[in-house]
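Please look over the sequence and the structure shown below before reading on.

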Amino acid sequence: MYKAITVGNKRKARGLQKLILKSQSARLLAVRQVTQLNAGKKTAGIDGKASLTFEERIILSDELRKYVNIWKHQKLREIPIPKKDGSIRMLKVPTMADRAWQCLAKYALEPAHEATFHANSYGFRTGRSAHDAQKILFLRLNSRNDGINKRVIELDIEKCFDRINHSTIMNNLIAPSGLKLGIFRCLKAGTNVGFPDQGTPQGGVVSPLLANIALNGIEDIHQSVRYADDMVIILKPEEDESKILERINVFLAERGMKTSERKTKVTATKDGFDFLGWHLRVQKNGKFRSIPSVDNFKTFYKKIKNIVNNSNYGSRVKAEKLAPIVRGWRNYHKFCRMDGSRHSLYFLEDRTYKVFNKETKQNRYSSKTLLDKAFPAVSFSENRHINVKGNKSPYDGDIPYWSERNSKLYDGYTSKALKRQNHKCIKCGLKFIGEERIHLHHVDGNHSNWRHNNLIAIHESCHDYIHMENKSKAIA
């Protein structure tokens, strides 16, 4: 499908999309994704269903087969989410069945539209990440490119997801008629009061893809980096920001959107700017620096503080809760400059150690062991991320490239296991090319045995099957 769009053969692409919609494998994957893998898998829609049994998942797959081309969306459950500025954003959550249909629709739409997206668009795209956006800004603003004399426009689109024009999405959608009808009904289910022809539900599986379709092309106006609706436009000293903003506003107006006058601003690179949770700045010596932003650190600090000071559970439970939060924060910022007591989390670790030492009432060794578990170490390498090549896509058929690239997202024991296995899953023998997480499996079942010959890297689903097989054998 990707290759068909690349050569301009939309008719063939639509035919392949119909095959995906009819595919039993695609249906089962879509149901599994929304009911078992997604972060919001236990979030109920308006029907109140927060989880499905095995039988209900099979029934849902059969419903998708019967009604995939005439699917009707139910109303959305609205959940208020507070924003940083004190305002409220409404998260609109579809039912489990509607999310499964949207996931199936995404399988059919995404490969076709990936072939049309701009190279400098990184948000909500398979095979791309925020780190790619961070690295491209480093390449554009480092000393070799005279970054110290450049400026940036911090572009903010006002209520982007709530104001996207439906006609823009439908006109640019590459899809057969049945799928187009379903997407149209999906859009209408998430409209706001007073704006019947605008908006896409933010809690929908397919919504980020639809937003990318609507905003595709804005990168061609001027040199920029876009992550979903967050965008940074890079200006040379002689370029007029007012003319560029005027062209941006014309582009957005055609799609029912506009820039936020309050949040959109022009900033000198040497003064620094915030983007995707980082504070990016070009120093006086011309070096590009990236550190966690103040807001990002405050949010992280608040999470840690709430867990450490919680008296409802003990140190061992606190260590288990802290570990994924700290590891996730450190991994997100692993290509930043993280020296200094603040970003090394010295004071947080010191405070946590004192709490652990007081609660456990044991020797200092026990408290230190729990502290090491709560604050796992992550290796940092400033600006060393390897950027995705140009317009490369996981749908282009270059399996060796994407398998090796996905493997680099992991470190430690998992990384070593992947290298030994040549980036293949031991259980199924397939390359690690999809978005499914990679798990580290202990062959003998002993999670204290970390010898190399006892560790294998496998797909998350393969890991589930292994434990199911072992459980069945134990029962027998």
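In which loop does Leu276 lie? Leu276 lies in the loop between strand 7 (273–275) and strand 8 (278–282), where helices (H or I, at least four residues) and strands (E, at least two) are DSSP runs numbered from the N terminus. The phi of Leu276 is near 55°, a positive value in a residue other than glycine. Leu276 is buried, with a relative accessible area of 16%; here buried means under 20% relative accessible area, exposed means over 50%, and partly exposed covers what is in between (1.4 Å probe, protein chains only).

Asp146 also has a positive phi, of about 55°, although Asp146 is not a glycine. Its place is in the loop between helix 6 (130–141) and strand 3 (151–156), and Asp146 counts as partly exposed because its relative accessibility is 37%.

## How the model was made and read

This is a predicted model, in which local features need pLDDT of at least 70 and side-chain atom pairs count only at pLDDT 80 or more, while totals for chains, interfaces and linings use all residues. Residues are numbered from 1 along each chain as its sequence is written, and side-chain values use heavy atoms, with hydrogens and water left out.

The chain averages a pLDDT of 89, and 98% of the residues score at least 70, pLDDT being the predictor's confidence in each residue, from 0 to 100.

Trp329 has its place in helix 13 and counts as buried because its relative accessibility is 7%. Leaving aside neighbours within four places in sequence, Trp329 is in contact (heavy atoms within 4.5 Å) with Pro292, Asn296, Phe297, Phe300, Met338, His343 and Leu345.

Pro94 is found in the loop between strand 2 (88–93) and helix 5, and at 0% relative accessibility Pro94 counts as buried. Apart from neighbours within four places in sequence, Pro94 is in contact with Gly45, Leu76, Arg99, Gln102, Gly203 and Gly204. By contrast, Gly340, in the loop between helix 13 (315–332) and helix 14 (346–360), counts as partly exposed at 46% relative accessibility. The C-alpha atoms of Gly340 and Gly48 are separated by 48 Å, and these two residues are 292 residues apart along the chain.

## Nonpolar cores

A nonpolar core is a set of buried Ala, Val, Leu, Ile, Met, Phe, Trp, Tyr and Cys residues joined through side-chain atoms within 4.5 Å. The largest such core has 53 residues, and those with the most contacts inside it are Leu179 and Ile183. Helix 5 supplies the largest share of this core, with 9 residues.

Leaving aside neighbours within four places in sequence, Leu179 is in contact with Leu21, Asn69, Trp101, Ala105, Ala108 and Leu109. A second, separate core of 41 residues includes Ile136, Phe297, Cys336 and Tyr353.

## Empty spaces

Rolling a probe the size of a water molecule over the atoms shows where empty space is left. On a 1 Å grid over the protein atoms alone, a cavity is a set of points where a 1.4 Å probe fits but cannot get out, whereas a pocket is an open set with protein on both sides within 12 Å along at least five of seven lines, and lining residues have an atom within 4 Å of a point. Grid points are joined across faces, edges and corners, and a volume is the space filled by probe spheres set on the points.

The second largest pocket has a volume of about 250 Å³, and of the 14 residues that line this pocket, the closest to its centre are Asp47, Lys49, Leu60, Glu63 and Ala97. Helix 4 (54–67) and helix 5 (96–114) each supply at least two residues of the lining, and helix 4 gives the most, with 4 residues. The count of cavities of 30 Å³ or more comes to 1, and about 40 Å³ of space lies in the largest cavity, which is lined by His131, Gln134, Lys135, Phe138, Phe335, Asn383, Arg384 and His385.
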